[in-house]
Amino acid sequence: MPETTPIRILIADDQQDIIDALRLLLLDEGYEVTPARSPGEALERLEASDFDLALLDLNYTRDTTSGQEGFDLMERIRALDPTLPVLVMTAWSSVAGAVEAMRRGARDYIEKPWDDEKLLAAVRTQIELRRAVRRSQRLQEANTRLQRGATPPFVGEAASIVEIRRTIERIAPSDASVLITGEHGTGKEVVAAWVHALSDRCGKPLVTMNAGGLAEGIAESELFGHVKGAFTDARVDRIGCFEMADEGTLFLDEIANMPMRLQAKLLRVLQTGEMARVGSSRVRYVNVRVISATNADLHAEIAAGRFREDLLYRLNTVVIHLPPLRDRRSDIDALARHFLGIYAARYRKAIAGFDADAVAAMQVHPWPGNVRELAHAVERSVLMAEPASREIAARNLSLRGKAAGDSAPVEDLSLEEAERVFIEKVLARHGGDVRLAAEQLGMSRSALYRRLQQYGVRE
């Protein structure tokens, strides 16, 4: 992934000496410059790539002074990209020409020969305005996805968790790709949030996408965005997760379940920083740090032909493995009290702790759903506790199996509860491997992910 997103400027003028002079001036300022010698060539460049600003001549045919060629080009540009700032130049400056250029969409009007400092000031101003518009678009899209407002706490003092926190502190300031592994429910999204929060990108967006929970066509649109008319119901242009996360961090959960064709497109973005929205051939540039997560064995997926080996080596610069809750039982009490504080406040109950039987039940329960299962068990116990109770009792936790000592018969469960228990058992049997569990259950992986999310045992 490129370290910075280049600022790209298109220069359209029929005179090579004008192009050369502008190119030297703008290159000295660190801009990337693309020339065009005609309106047709300018449109070809704009259709092929994404630009931050266009600097256009108004007249291209010898002895023409009307500016009509430039005015027509601006209207085409507005139809192609209404947010692209355009600065127009002409040696035949007039008030009427300036007014017409502004009416057709120009942001400013520059007379030849130009003053270098004034031209550069106009370029900087319009590029900043362009960035402001893009930031506004990203924020609007992010709000619809209900992004978190704060970094979730990373609870635990087990030796493995302490070492993970140290690793995060060491690698977060870099732009290295991070692969987080572990069973479902172990807290991979929390680790991703902490990597972002401790990075130099912390002031930029953290965007999360479940790479395995959507059909292929929808997933591609979610990842890269789409243009109006790209497919049925694509009524407006929409930016995708990569553009929303520009200069920030993109967290791709369940990366092992991404379709192979989409894996190839993801690899290209990671290698070059270039992408295109669905239905468009225009190349756009993004500067995104990618954090990915999976509960699958990616080397086994590669051997089975379901995952690209070259993509793995782009994603796993740093690997962080989260242990299951059964391997960090010393943290169960702290985690349970943390969740109790959240849910007691949410449901306005004056519950201060757990009785001895509840603590013992939590310590021996196998927790196949890991930390996520514990959170839901505590939430359920808060709801089920007596109104005047000050402590959670073991019966309030409703833990099933030998660990709880009072499991309910299957015939006493609702259909939804029975399905949840069955799915948890199948997942546990396959060590948290969603692909194998889905095969046994006779459903697609995306359908199983929806069930996991519904029952609160999803990553």
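Is Cys-241 buried or exposed? Cys-241 is buried, with a relative accessible area of 0%; buried means under 20% relative accessible area, exposed means over 50%, and partly exposed lies in between (1.4 Å probe, protein chains only). Welcome to a short tour of this chain, which is a predicted model: local features need pLDDT of at least 70, side-chain atom pairs count only at pLDDT 80 or more, and totals for chains, interfaces and linings use all residues. Residues are numbered from 1 along each chain as its sequence is written, and side-chain values use heavy atoms, with hydrogens and water left out.

**The chain as a whole**

- The chain has 19 helices and 14 strands; these are DSSP runs numbered from the N terminus, with helices being H or I of at least four residues and strands being E of at least two.
- Of the 459 residues in the chain, 51% are buried.
- The accessible surface comes to about 21,400 Å², and 51% of it belongs to carbon and sulfur atoms (Shrake-Rupley method with a 1.4 Å probe; for residues, only the protein chains shown count as cover).
- Take the contacts (heavy atoms within 4.5 Å) between residues at least 6 apart in sequence: 72% of them join residues at least 24 apart.

**Cysteines**

- A search of the whole structure finds 0 disulfides, a disulfide being a pair of cysteine sulfur atoms within 2.5 Å.
- Cys-202 counts as partly exposed, at 45% relative accessibility.

**An open sheet and its helices**

- Five strands form an open sheet in the order β2-β1-β3-β4-β5, with parallel pairing; two strands pair if DSSP finds at least two bridges between them.
- The edges are β2 (32-36) and β5 (108-111), and each has a single partner strand, so one side of each is left without a neighbour in the sheet.
- On average, neighbouring strands of this sheet are turned by 20° against each other, direction ignored (axes are lines fitted to C-alpha atoms, for helices over the stretch in contact, and angles run from 0 to 180 degrees between N-to-C directions).
- Strands β3 (residues 53-57) and β4 (residues 86-90) pair in the parallel sense over 4 bridges, and Leu-56 has Val-88 in β4 as its bridge partner.
- Helix α1 (residues 16-28) packs on the sheet, where it touches β1 (8-12), β2, β3 and β4, and its direction makes about 170° with that of β2.
- Helix α2 (residues 39-48) also packs on the sheet, touching β1 and β2, at about 140° to the direction of β2.

**Around helix α8**

- Helix α8 (residues 216-224) has the buried residues Ala-219, Glu-220, Ser-221, Glu-222, Leu-223 and Phe-224.
- These buried residues pack against β7 (206-210), α9 (241-244), β8 (249-253), α10 (260-272) and β9 (274-275).
- In β7, 4 of the 5 residues are buried.
- The strands β7 and β8 pair in the parallel sense over 5 bridges, and Leu-206 stands opposite Thr-249 in β8.

**Nonpolar cores**

- A nonpolar core is a set of buried Ala, Val, Leu, Ile, Met, Phe, Trp, Tyr and Cys residues joined through side-chain atoms within 4.5 Å.
- The largest core has 33 residues, and those touching the most other members include Leu-223, Phe-242 and Leu-250.
- Elements giving two or more residues to this core include β7, α8, α9 and β8, while its largest share, 5 residues, comes from α10.
- Apart from this core lies another one of 24 residues, among them Leu-325, Leu-340, Val-371 and Leu-397.
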